[in-house]
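Have the sequence and the model open side by side. Then follow the paragraphs below with the residue numbers at hand.

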Amino acid sequence: MKNINLEVVSPPRCGSTLLWHFCKFYIAGKNNGFFQIEDNVNKSHPPFEKDHIKLSNFDFHTYYIVTVRHPFSQLASLLVYDNKNENNTYDTTSLSERYVMGKVDESIRDFKWCYDIIKNNTFNTVLFKYERFVNEYNYFFDHFRDTFGFEFSQNDFDNFYHNYGLEVVNSRVGSEGYVGYSPYHVSVSQGNNEENIKYIPKRFRKTIQNKYIRSGVYDMFNYFPVTLEGIEFLPSYP
């Protein structure tokens, strides 16, 4: 059998921690008679160190799982995550234009890195979209069943949903089995793209939209520009 490493790759705030836990507990160590999945599952965010991610169609030692979400929502979630205090709150009106646009540039850089990984590893890479699997964890089970032939029980699904549902993760941060989750890791919006965008001041939104459009990252991952009209602004989180 051929040994295969799993590498979960994504911009921050795109569900990679959840997917890493799934792979660690339900995929690592499995084999289908042809491939043996290594026990250690890796997780990476761009930018990468030189040679950390091998950009080669023929690197069959690693199976890359790239997770993304709508770039505007990824940015909104990142701003909330980076700025909230120990009480899980922050004043969204305090964000400066320089800071926000710097985060947009980092976001664009990270999405382009992930696109390059997919483009240059076409035979051993899969793309997971956050919007498809958030609160729909059968998406993970279905992929590994259909791609590798792994079998899962209803009990596997029920246990994973019970232990890693968005509504329970925050209450269990720091306990055994929740490595990589930080306090208040899951936002109050629980992955809802439009709800996250409400925390971005309106004065920045058009510029952010234009930067994403010009960068091409919407097209790279088949996302449409956000319809900003009608999305209110919330001056504080949550």
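The model is predicted: local features need pLDDT of at least 70, side-chain atom pairs count only at pLDDT 80 or more, and totals for chains, interfaces and linings use all residues. Residues are numbered from 1 along each chain as its sequence is written, and side-chain values use heavy atoms, with hydrogens and water left out.

Start with helix α9, residues 202-215. Helices here are DSSP runs of H or I with at least four residues, numbered from the N terminus. The expected span is 1.5 Å times one less than the number of residues. G216 follows the helix, with a positive phi near 90 degrees.

Which residues of α9 are buried? They are F204, R205, I208, Q209, Y212 and S215. Buried means under 20% relative accessible area, exposed over 50%, with partly exposed in between (1.4 Å probe, protein chains only). Seen down the axis, the buried residues of α9 fall within an arc of 135 degrees, so they line one face of the helix. That arc is taken from the directions from the helix axis to the C-beta atoms. The face turned away from the buried side carries the exposed residues R203, K206 and R214. The cover over the buried residues of α9 includes α2 (71-83), α3, α8 (193-197) and α10 (217-220).

Helix α3 spans residues 97-120 and holds D110. D110 is buried, at 4% relative accessible area. Beyond its neighbours within four places in sequence, D110 is in contact (heavy atoms within 4.5 Å) with P11, P12, P46 and P47.

Now the rings. Rings of Phe, Tyr and Trp (its six-membered ring) pair if their centres lie within 6.5 Å; planes under 30 degrees apart count as stacked, over 60 as edge-to-face and the rest as tilted. The count comes to 29 aromatic pairs. Y137 and F140 are stacked, 6.3 Å centre to centre with 5 degrees between the planes. Both Y137 and F140 are buried. F140 also pairs with F160: the centres are 6.4 Å apart and the planes at 65 degrees, so this pair is edge-to-face. It links distant parts of the chain, F140 in helix α5 (residues 138-148) and F160 in helix α6 (residues 154-164), 20 residues apart. F140 has a relative accessible area of 0%, and F160 has 0%.

Finally, look for charges over rings. The rule asks for NZ of Lys or CZ of Arg within 6 Å of the ring centre and within 35 degrees of the ring normal. The charged end of R69 sits over Y130, 4.1 Å from the ring centre. That of K129 sits over Y223, at 4.2 Å.

Technical notes. Helix = DSSP H or I, 4+ residues; strand = E, 2+ residues; numbered from the N terminus.
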